Amino acid sequence: MQRAVAPPPVYYADSAPPPPEPPVRGRLWRMLGWVSIGLSVVLVAGSLTAYGFWRRLDGQIDRENVDGRLGEHRPPKLNNSLNILMMGSDSRAGENARYGTEAGQRSDTTILLHISPGGQSAIGVSFPRDSMVQMPPCKRRNGTTVPAQFGMINAAFSNGGPACTWRTIESLTKIHIDHYVEVDFAGFKRVVDALGGVEICVPRRIDDPKAELHLRAGRQTVRGDQALGYVRTRYVLGDGSDLDRIKRQQAFMASVVKKATDKGMLTDPGRTYDFLSAATKSIKADDGLTLSVMQKLAASLGGMSAGKVRFVTVPVQAFPQDKNRVQFAQAAAEPLFRAIREDNKLPQPEPVPANKVQPVPPTQVRLGVYNASGTGGLAQRTADQLTERGFQVVKVGTARKPVPHTQILYGAGAERQAARTAIAVPGHQPRPWASAKPGYVYLVIGRDGAPLRGLGPMVPKIAGEIRADRNICAPT
C-alpha cells in the first residue's frame, strides 16, 4: 500500500485540540423585550402557507403610511437583504393605561433587524436610547415639521413617530430600511402568552412589589404580567444603566426566538396560527409591509433556526459633556454598519467533491482553527463564522510562524469531515497529517486567507453579543 505523503510541517502554539466544550456565550439583563415579538413574527411566519390564513393575519395588522416623511435623500438599497426597524413603545393609551399615566410615547427600545439575502442568518442591532446623535428634520402626521436637532436618539420617536426614528437611523448608519414594526405593553403580553411563556434565568430570588415581580432563582418560564414585570424592572436586576438593560432585552429576545422556532411549534399549525394571530393583533407597521411581502419573507425564512440569529449593541463610548449619556464609537460602529449595508452575496450551491468522498454534515466536524497568516484576530472571526454554520469548533489557536497558503489537514478517520470543511472553505484540497489527532480536522489559515463560501462582508465581533441558541443560565 502506497504510503501517504505528509504535508509540510506546521508548528502550533498548542498541541492537538482537547475534547470539545460548548461555547460560553450570552449576557442577561435588559428591559422592554416586547419588541422581540416583531422578530418572532418574522422568524416563524414561514410555517403558514395557506392563503386564507395569510389573509386573516394580514387584516389584523394596524398599518401607517409613511410616504413623504422619510426624506428625499435616502440610502440606496444595495442588495436583496431585508432591514426591519423594530420599536417598543411605552404608550399608556388604551389597554396600557394600567401601567402609568405618562403623557405621549417614546421608543425605549430601538432595534434594526437585518436578514441576509435568502434568509440565511439574522442579526438584531440595538441602539442605546441614551445615545446622543444628530437627528434630521422630521415631518409629523399633521404636516408640521420638527427641525433638525442634536439630542438623545429616542427623542426622534417623540418628535415624529416611527417615521422620524426610521429617518434618523438611516441618516446615522446609511443603511436602507425597508419596513418598521412597533409593539406596546399589551401586545407584548398577548404574544408571550400565545407562545406558552418564555424561558428566563435569574441569578437570585427577585421580589419587586413596584414591578409586581416575584421570581425564584434559576431557570423558569414567565407569562403575562410576570414576563412584562421581568422586562420592565430596572434596579433589582443589573446596574440600572441603559446598556445593562439592553443586555437583558437581548437575552429575552433570544429566548423568544428560540421558543418561536422550536420544532414542536413549527410542526403544529394550530399553535403557530394562534401565535401569529396574537402577534399580528399586537403590532403596528408601515403599509409597505403587505401580504405579498410577508409571503415572500416567509418563503425565504423557512430554514431559519435560532443558531443563525444573534444580537449585538452598537459600539458606544462616553459622551464627554454628560457622563449619563453615550455616543457612537464610530471607528468600531462603522464596520458593523458597512457589513450590513453590503451583505449582498447569496450562498452558492455546494460543489460535488472532486475525490467523490461523501461529506458529513457540519455538526459532525470537530475542527481546530489556527492562525498562520500573521493577521491578528482572523482565526477567531473565521471560527465564529464556521460555528454559525454548524461546525464544532473545538480549538482556536495561533501558529508559531506564518505560512503562505491555507491548509486543511485531517487525522485518521476524518476524511469525510475534511471534505465538508473544504466545501465551506473552498480552494484548498484536504490532506492527511500524520501528527493530527484521529477524527479531527485542522484549518490552518495562511497569508492567502480563508474566505467562506457565499459569505458577504464579515460582520465584526461585537463585545457582549448574544446568540439565540445559547444556554440561558450559562455564566456571563
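**Terms and their grounds**

Tutor: Thr261 sits in the loop that joins α6 (242-260) to α7 (263-266). This is a predicted model, in which local features need pLDDT of at least 70 and side-chain atom pairs count only at pLDDT 80 or more, whereas totals for chains, interfaces and linings use all residues. Residues are numbered from 1 along each chain as its sequence is written, and side-chain values use heavy atoms, with hydrogens and water left out.

Student: What makes Thr261 count as buried?

Tutor: Buried means under 20% relative accessible area, exposed means over 50%, and partly exposed lies in between (1.4 Å probe, protein chains only). Thr261 has 11% relative accessibility and therefore counts as buried. In space, Thr261 and Ser305 are 6.2 Å apart, C-alpha to C-alpha, although 44 residues apart in sequence.

Student: Why is Ala422 called buried?

Tutor: The relative accessible area of Ala422 is 18%, so the residue is buried. Ala422 belongs to helix α12 (residues 415-424); helices are DSSP runs of H or I with at least four residues, strands are runs of E with at least two, and both are numbered from the N terminus. Neighbours within four places in sequence aside, Ala422 is in contact with Ile408, His428 and Pro430, contact meaning heavy atoms within 4.5 Å.

Student: Which term applies to Lys174, and why?

Tutor: Lys174 has a relative accessible area of 49% and is therefore partly exposed. This residue lies in the loop between α3 and β9. Most residues other than glycine have a negative phi. Lys174 is not a glycine, yet has a positive phi of about 60°.

Student: How do you know that α4 and α5 are oblique to each other?

Tutor: Helix α4 (residues 185-194) and helix α5 (residues 224-232) pack at about 125°, with their axes 9 Å apart. Axes are lines fitted to C-alpha atoms, for helices over the stretch in contact, and angles run from 0 to 180 degrees between N-to-C directions. Angles under 35 degrees count as roughly parallel, over 145 as roughly antiparallel, 65 to 115 as roughly perpendicular and the rest as oblique. The pair α4 and α5 is therefore oblique. Phe185, Phe188, Lys189, Val192 and Asp193 of α4 meet α5 residues including Leu228 and Val231.

Student: What makes α4 roughly antiparallel to α8?

Tutor: The angle between α4 and helix α8 (residues 269-280) is about 180°, and their axes are 8 Å apart. The arrangement of α4 and α8 is therefore roughly antiparallel. Arg190, Val191 and Ala194 of α4 make the contact with Asp274, Phe275, Ala278 and Ala279 of α8.

Student: Why is the pair of Trp166 and Tyr180 called edge-to-face?

Tutor: Rings of Phe, Tyr and Trp (its six-membered ring) pair if their centres lie within 6.5 Å; planes under 30 degrees apart count as stacked, over 60 as edge-to-face and the rest as tilted. By this rule the count comes to 9 aromatic pairs. Trp166 and Tyr180 form one that is edge-to-face, with 6.4 Å centre to centre and 65° between the planes. Trp166 lies in helix α3 (residues 155-173) and Tyr180 in strand β9 (residues 179-183), so the pair ties together parts that are 14 residues apart in sequence. Trp166 and Tyr180 are both buried.
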